[in-house]
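Here's a quick briefing to read with the model open beside you.

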Amino acid sequence: MSSYLHDVSVDRQRYPMFGASGANIRPCAFWRSEPAEPPVRVDDQGPSNVLLAQNTRDPATPLAGAEQMRHALGDRARMVTADQGGHGVYLIGANKCANDTVTAFLTTGERPEADHTCVAEPA
């Protein structure tokens, strides 16, 4: 419980319009059921066919979480980061660079050579 209180306090300062509600406690924190399967171990072992797409200002899945996932996957993955808000990068967001990067991956199976940051585009 204390971690939720801390996160709300921090995000209230960082993001005064919405942050506290995004960091608040979720109902699943109180679920008293055992997992149906063991947790999946995320690491750098496996096929190198992962592309992560992330907005810099996603209110539900912060950039820091995507960066941690990218680090855990190692060279198996590449990440395209779009300088935009919202909870959805591909096709939901208007960033042409991010959309084109993901479309190229989905249609060819080829990842970018390196992680890629797409600058903000006018609305």
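A disulfide here is a pair of cysteine sulfur atoms within 2.5 Å. By that rule, the count comes to one disulfide. Keep in mind that this is a predicted model, where local features need pLDDT of at least 70, side-chain atom pairs count only at pLDDT 80 or more, and totals for chains, interfaces and linings use all residues. Residues are numbered from 1 along each chain as its sequence is written, and side-chain values use heavy atoms, with hydrogens and water left out.

**The disulfide**

- C97 and C118 are the two partners, with their sulfur atoms 2.1 Å apart.
- The link of C97 and C118 is left-handed, at -60 degrees about the S-S bond.
- C97 sits in helix α4 (residues 96-108) and C118 in strand β3 (residues 116-118), so the bond ties together parts that are 21 residues apart in sequence. Helices (H or I, at least four residues) and strands (E, at least two) are DSSP runs, numbered from the N terminus.
- Buried means under 20% relative accessible area, exposed over 50%, and partly exposed in between (1.4 Å probe, protein chains only). C118 is buried at 0%, while C97 is partly exposed at 22%.
- What does C118 touch, leaving aside its neighbours within four places in sequence? Its contacts (heavy atoms within 4.5 Å) are V80, T81, A82, D83, N95, C97 and A98.

**The sheet**

- Three strands form an open sheet in the order β1-β2-β3, with parallel pairing; two strands pair if DSSP finds at least two bridges between them.
- β1 (50-57) and β3 stand at the edges with a single partner strand each, so one side of each has no neighbour in the sheet.
- From one strand to the next, the twist averages 20 degrees. Axes are lines fitted to C-alpha atoms, for helices over the stretch in contact, and angles run from 0 to 180 degrees between N-to-C directions.
- β1 and β2 pair over seven bridges, and Q54 stands opposite T81 in β2.
- β2 (residues 77-85) and β3 pair over three bridges. T81 has T117 in β3 as its bridge partner, and V80 stands opposite H116 in β3.
- Seven of the nine residues of β2 are buried, so this strand is largely enclosed by the rest of the structure.

**Helices and crossovers**

- Helix α3 (residues 63-73) packs on the sheet and touches β1 and β2. The direction of α3 makes about 155 degrees with that of β1.
- A crossover counts as right-handed if, with the strands pointing away from the viewer, the path from the first strand over the helix to the second runs clockwise.
- β1, α3 and β2 make a right-handed β-α-β unit, whereas the unit made by β2, α4 and β3 is left-handed.

**Nonpolar cores**

- A nonpolar core is a set of buried Ala, Val, Leu, Ile, Met, Phe, Trp, Tyr and Cys residues joined through side-chain atoms within 4.5 Å.
- The largest one has eight residues: L51, V80, A82, V89, A98, V102, F105 and C118.
- β2 and α4 are the elements that give two or more residues to this core, and α4 supplies the largest share, three residues.
- A second, separate core has six residues, including L52, A66, A77 and M79.
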